[in-house]
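This report describes a protein model together with its ligand. Please consult the sequence and the structure shown here while reading.

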Amino acid sequence: MISEGKKPHFYGRRKGRKLRLGRRVLFDQRLPEIAVTIPAGGSKFFCDLFSGSYKEIWLEIGFGGGEHLAHQANSHPEIGFIGCEPYINGVAALLSLVEEAGLTNVRLFNDDARLLLGHLPENSISRVFVLFSDPWPKKRHNRRRFFNSENLGALSRLMTDSAHLRFASDDMSYIRWTLDTVYRHDDFTWQVTGPEDWRRRPYDACETRYEAKAISQGKKPVYLTLLRRPRGG
Ligand SMILES: C[S@@+](CC[C@H](N)C(=O)[O-])C[C@H]1O[C@@H](n2cnc3c(N)ncnc32)[C@H](O)[C@@H]1O
């Protein structure tokens with residue numbers, strides 16, 4: 001857990017172009033209604049998502065424009081979703097998809113996911129998505145990557161036994177880095193039976209914006225399903 005007063009530096013963008021009026025209104029009015037907030041003073045995180053009204057809670061980190069999160073939330077009304085994204089234009093885009101589809105099972109954390117992870121209850125998240133996370137390809141920037149042993153440890157605490165963490169990237173150096181991080185972590189294993197498992201997008205996912213961009217540039221995305229080993233197993 002990130003300790004109080006030691007806010008990690010976020011290297012990405014928080015703002016892009018000025019929001020169109022409709023999106024600005026959504027951002028100002030709708031976001032507060034479904035925002036996940038961490039109470040001041042470090043008290044335990046509380047959220048209606050954990051009141052028992054949903055079968056499971058799934059988490060997407062860095063949802064970008066939100067198309068994948070909206071797709072999953074639409075396909076699974078019985079699941080509660082938390083999306084984390086510091087980029088306000090992405091949050092506004094997802095709010096617009098939430099509005100259009102009338103989704104009621106989505107909550108948003110408009111900040112760095114690392115600030116939230118330690119506040120979520122242990123053993124509470126049944127699926128995690130980290131899709132086309134910023135690859136930071138230059139060697140001197142590699143340590144900025146979201147997928148590292150510290151964040152994997154934080155995810156391990158809050159994931160349920162046998163929960164899946166889906167990771168996708170079109171950057172082979174980030175894929176190798178991720179597998180290396182997983183192999184060095186006792187709580188996770190890569191679930192794979194053959195090449196189709198990493199070459200094919202999981203059947204229930206939709207294409208994301210960055211994935212489409214990568215494919216249009218001739219790149220071949222890789223999809224990893226990482227299993228949180230059962231505790232005491
Ligand atoms: C390359 S984009 C991919 C977006 C989307 N998943 C897709 O596939 O189109 C990576 C996203 O992760 C977000 N991000 C980076 N670090 C993050 C963090 N620590 N917590 C939450 N989001 C983060 C960035 O703001 C950015 O929107």
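Is glutamate 99 buried, partly exposed or exposed? With a relative accessible area of 40%, glutamate 99 is partly exposed, where buried means under 20% relative accessible area, exposed means over 50%, and partly exposed lies in between (1.4 Å probe, protein chains only). The model is a predicted one, in which local features need pLDDT of at least 70, side-chain atom pairs count only at pLDDT 80 or more, and totals for chains, interfaces and linings use all residues. Residues are numbered from 1 along each chain as its sequence is written, and side-chain values use heavy atoms, with hydrogens and water left out.

Glutamate 99 belongs to helix α3; helices (H or I, at least four residues) and strands (E, at least two) are DSSP runs, numbered from the N terminus. Apart from neighbours within four places in sequence, glutamate 99 is in contact with Leu26 and Arg30, contact meaning heavy atoms within 4.5 Å. The side chains of glutamate 99 and arginine 30 are joined by a polar contact of 2.7 Å. A polar contact is a pair of N or O atoms within 3.5 Å; within protein, one must be able to donate a hydrogen and the other to accept it, and residues adjacent in sequence count only if both atoms are side-chain atoms.

Glycine 102 is located in the loop between α3 (88-101) and β3 (106-109). Glycine 102 counts as exposed because its relative accessibility is 52%. Lysine 6, in the segment before α1 (21-34), also counts as exposed, at 62% relative accessibility.

| Residue pair | Separation in sequence | C-alpha to C-alpha distance |
|---|---|---|
| Glutamate 99 and alanine 113 | 14 residues | 23 Å |
| Glycine 102 and asparagine 74 | 28 residues | 8.9 Å |
| Lysine 6 and leucine 115 | 109 residues | 9.8 Å |

## The ligand and its surroundings

The ligand is surrounded by 17 residues, of which the closest are Gly62, Glu85, Asp112, Leu131 and Thr208; a residue is counted here if one of its heavy atoms lies within 4 Å of the ligand. By class, this shell has 9 nonpolar, 3 polar and 5 charged residues. In this classification Ala, Val, Leu, Ile, Met, Phe, Trp, Tyr, Cys and Pro are nonpolar, Asp, Glu, Lys and Arg are charged, and the others, Gly among them, are polar.

An oxygen atom of the ligand is 2.6 Å from an N or O atom in the threonine 208 side chain. Of the 590 Å² of accessible area that the ligand has on its own, the protein covers 92%; such areas come from the Shrake-Rupley method with a 1.4 Å probe, and for residues only the protein chains shown count as cover.

Threonine 208 is placed in the loop between α7 (195-199) and α8 (209-216). Its relative accessibility is 8%, so threonine 208 counts as buried. Not counting residues up to four places away in sequence, threonine 208 touches Glu67, His68, Leu131 and Phe132.

## Nonpolar cores

In soluble globular proteins, nonpolar side chains tend to be buried together. In this model the largest nonpolar core has 36 residues, and those with the most contacts inside it are Leu59, Ile61, Val128, Leu155, Leu165, Phe167 and Leu226. Such a core is a set of buried Ala, Val, Leu, Ile, Met, Phe, Trp, Tyr and Cys residues joined through side-chain atoms within 4.5 Å. Beyond four places in sequence, the contacts of phenylalanine 167 include Val130, Phe147, Tyr174, Val222 and Leu226. A second, separate core has 26 residues, among them Ile79, Val98, Leu108 and Ala168.

Tryptophan 136 lies in the loop between β4 (125-131) and α5 (149-158) and has a positive phi of about 40° although it is not a glycine. Asparagine 142 is placed in the loop between β4 and α5 and, at 10% relative accessibility, counts as buried. A polar atom of the asparagine 142 side chain lies 3.1 Å from the backbone oxygen of lysine 138. Asparagine 142 touches Trp136, Pro137 and Trp177, residues up to four places away in sequence not being counted.

At the start of α5, a side-chain oxygen of asparagine 148 reaches to within 3.2 Å of the backbone nitrogen of glutamate 150. The buried residues of α5 are Asn151, Leu152, Ala154, Leu155, Ser156 and Leu158. Serine 162, in strand β5 (residues 159-169), has a positive phi near 65° and counts as partly exposed at 38% relative accessibility.
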